[in-house]
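Please keep the sequence and the coordinates open while reading.

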Protein chains: 2
Amino acid sequence: MKISDLGERTLIKKIAQLAAKTVSPDMVGIGDDAAVTRLSQGSWLVTSKDLLVEGIHFLLPEISAQDLGHKSLAVNLSDLAAMGSIPRQVYVALALPAHLDSEFVLAFYEGLTALAEHFKVAVCGGDTVASPGPLVVSITAQGEVRREEVLLRSGAQPGDVLCTTGPLGASAAGLLLLQADIDCPTALRRSALQAHYRPWPRVEEGLWLARQGVVTAAIDISDGLLKDVQEICEASRCGVLLREEKIPTHPVAEALAPLYNQAPLTLALNGGEDYELLFTVPRHAFSALAQAYQERFQTPIYMLGEMTQERKVQMITKEGNWEKLEFTGYQHF
Amino acid sequence: MKISDLGERTLIKKIAQLAAKTVSPDMVGIGDDAAVTRLSQGSWLVTSKDLLVEGIHFLLPEISAQDLGHKSLAVNLSDLAAMGSIPRQVYVALALPAHLDSEFVLAFYEGLTALAEHFKVAVCGGDTVASPGPLVVSITAQGEVRREEVLLRSGAQPGDVLCTTGPLGASAAGLLLLQADIDCPTALRRSALQAHYRPWPRVEEGLWLARQGVVTAAIDISDGLLKDVQEICEASRCGVLLREEKIPTHPVAEALAPLYNQAPLTLALNGGEDYELLFTVPRHAFSALAQAYQERFQTPIYMLGEMTQERKVQMITKEGNWEKLEFTGYQHF
C-alpha cells in the first residue's frame, strides 16, 4: 500500500506499535515532539550516528527490508560495542522515495525492532519524510558506560598486541557474490549473504572486554582491517606490524575468494563490514585475557600482530618478508 | 575545494575544530566510534531527530550553507523547547552529493555551531557520507528535563486556553517570496527571508513555561497552526475553538500576503515553520502566566482560542460565524 494511501499518521501509529514492546512505560517514545528517556544515574552516554544511503551503502531490491532494518541497527550497535558501552536506545529516521510502500517501511522496522529486542534497546522515535532521491536511513544509537571503562581508539602503546574477536572476510565474500553471481554450494552462498546482510554486533563482547580493564584501544571493523587499524595507529600515534600467518581469514572467504581469482587474505585485509572488534592489549595481559574470553564466549580471540613505535602499517608475510601496506578498500569520497 | 581533493580525514578534522569549542574537555566528541557525554544525575533525556532533504525541505543554492546549518539545528532545538527541556548536545550527519565542496560543509557547520554556542549545546559527532541524490541533513538533538516538568502534547483539557509565544505567518511569507519573487521594500524582504531561513527556537521560553507548572500541553509550530493544534487535539482527545480576531498574524505576513492576493490569516493558519510554541493552560492560570511571561521576556503571549469537548477544529470568524476548519498546509507524503 502506498504511504500516501495509508496516511502518514497511520503509518507512524503502526511503527509505534512495533516499537512499543521495546520501550518501558515511563518513557515517552514515538508520537510527541521528542522522546523522553533515562539512563542510570551518574553514567556516561555513548552515541553513534550513521547514515546509510541507497546506492552507496546498500542496493534495493537486493537487500530485503527486514535485513536493511537489522543491518542499520547492527552497524550502530557495533560502534557502541567498540566503545565498551551497554546499548540503551535508538532513534530512527527514514527519507523515503515514492516507490517504496508502507509494507517496506514496516518490514524495515520489524527487522530493526527484532534486533533491538534481543539487546533490550528501546526504539524511541525519529522522523519519516519523503525523498526525491534514494532511500536514506539515519540511525542514532545510544548506550551508557562508566567513564573509566570507555574504550577509545587512542590508548594503544608500542608493544601492545593487536587482537580481533573473529575471523574476517565473510562479508566481503558476500559482496563478491552480489556483484557477480557464480555457481557455488547453497550453504556457502547462504553463509556469505548472511554475513553481509545480517552482521551480528559484538555487544556482549565489547562490554566484557571493557570491564577487564586491560584493553588499551578498540574499534569495530567496518571499513576493513587495514583502514581500521590505521585509525587506531593515528589516534594512538603508533604503527602496527601484522603477521600474515596470524590473520584469521573466514572459512567463507577462503572458499569463495578463489572462485573470483582473489586471495582470501585480500578480503580479510580490505573487505570491511565484518563488525568484529579490533583491539589492543599489553602483551603481558594477553594470555589471561584470551583464556577468560574463551571460557566466557566459547570462541577464541585472535592475536594478529603488534603495535610499533614506527608509524607505518607493515606486515611480515608467511615467507618472512616485510611489506609496507596501503589501504585499498572502501573510500567514502 | 572538492571533498575528494581535501580528503575525508582533513574535512572531519576541520569540522572537529569548529565543534571543539562547544564540547567540554572531559567529553569525547568527533573522532572515535561514538561520542561520550554526560547529563546531570537523575535527569531525563529528551531527544529530537529530524531529516532535512534537499528538494523537500530546502532548495539549493537558494539557502546558504550557514543558514541551512542554523535552521537544521534550530528546528530540532524547537522540538526540545516544546518538551520544556534544556538542550545539551547535538549529533549531525550529512549525505553529500558530489557537486558540494568542502567549503559548503564547513560553512554549514559554522552556521550550526554558532547557534549551538549560543545555547551552550555540544556538537558531538555524526557521520559524513556520499549521496548519489540530494543533500540530506540528519540532526539528533538531545536535552534534559525533570520528569515532572516535561511538556507533552497530551494533557490539554476542555476549557483550557490555547496560547502561542509569537505572531505567525512570517516564515510562510518568506516562502512566498522564494516561490515567486516580487518587488517589495528591502526591509520587508529581509525580515521575511530571515524568518524563513533563520528561525529562532524558543528555548528559554519553553524551559520557563515548563517550570511554571501550569502548562497542560505543548507543541512547536512547524507544520502550521492548524496541523499542530490538531496534534494537541488528537493526543489530548479534545477539540479546539479558535477566535479569528485573536490569531496573531505577523506584520510581515500582513504586508506581504496581499501582494500575492492571499489573506494574512491563511499564512498564519497553514503556513508553518514559525517555530513559536503552541500550548494550553487552564483558563484560571492564564492571566498570572501572561503577566509573568511579559515581565520575563518583554513580549506577550497570545491567547487564540480554547479547547473544547467536541473533537473538531473550529473557528469563530470576526463576523461571528462558526467555521469547521480543515488543514490545507504541508503534507509529508
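In this predicted model, 53 residues of chain B are in contact with 53 residues of chain A, where contact requires that the C-beta atoms of two residues, placed from the backbone, lie within 7 Å. Because the model is predicted, local features need pLDDT of at least 70 and side-chain atom pairs count only at pLDDT 80 or more, while totals for chains, interfaces and linings use all residues. Residues are numbered from 1 along each chain as its sequence is written, and chains are lettered from A and ligands numbered from 1 in the order in which they are written.

The elements that give two or more residues to the side of chain B that touches chain A include helix H1 (3-6), strand E1 (35-37) and helix H3 (65-82) of chain B; helices (H or I, at least four residues) and strands (E, at least two) are DSSP runs numbered from the N terminus. The largest share of that side, nine residues, comes from E2(B). By class, the side of chain B that touches chain A has 29 nonpolar, 14 polar and ten charged residues, with Ala, Val, Leu, Ile, Met, Phe, Trp, Tyr, Cys and Pro counted as nonpolar, Asp, Glu, Lys and Arg as charged, and the others, Gly among them, as polar.

Strand pairing, for which DSSP must find at least two bridges between two strands, also links the chains. Strand E2 (residues 44-53) of chain A pairs with E1(B) in the antiparallel sense over three bridges, and Val46(A) stands opposite Val36(B) in E1(B).

An open sheet of five strands with mixed pairing runs in the order E1(A)-E2(B)-E5(B)-E3(B)-E4(B). Its edge strands, each pairing on one side only, are strand E1 (35-37) of chain A and strand E4 (122-130) of chain B. From one strand to the next, the twist averages 20°, angles being taken from 0 to 180 degrees between N-to-C directions, with axes as lines fitted to C-alpha atoms, for helices over the stretch in contact. Within the sheet, E2 (residues 44-53) and E5 (residues 136-145) of chain B run antiparallel and are joined by ten bridges; Ser48(B) has Ala141(B) in E5(B) as its bridge partner. Helix H4 (residues 102-118) of chain B packs on the sheet, touching strand E3 (86-96) and E4 of chain B, and its direction makes about 170° with that of E3(B).

In chain A, the axes of helix H3 (residues 65-82) and helix H7 (residues 203-212) come within 8 Å and cross at roughly 10°. H3(A) is therefore roughly parallel to H7(A), a term for angles under 35 degrees.

Note on methods
Angles under 35 degrees count as roughly parallel, over 145 as roughly antiparallel, 65 to 115 as roughly perpendicular and the rest as oblique.
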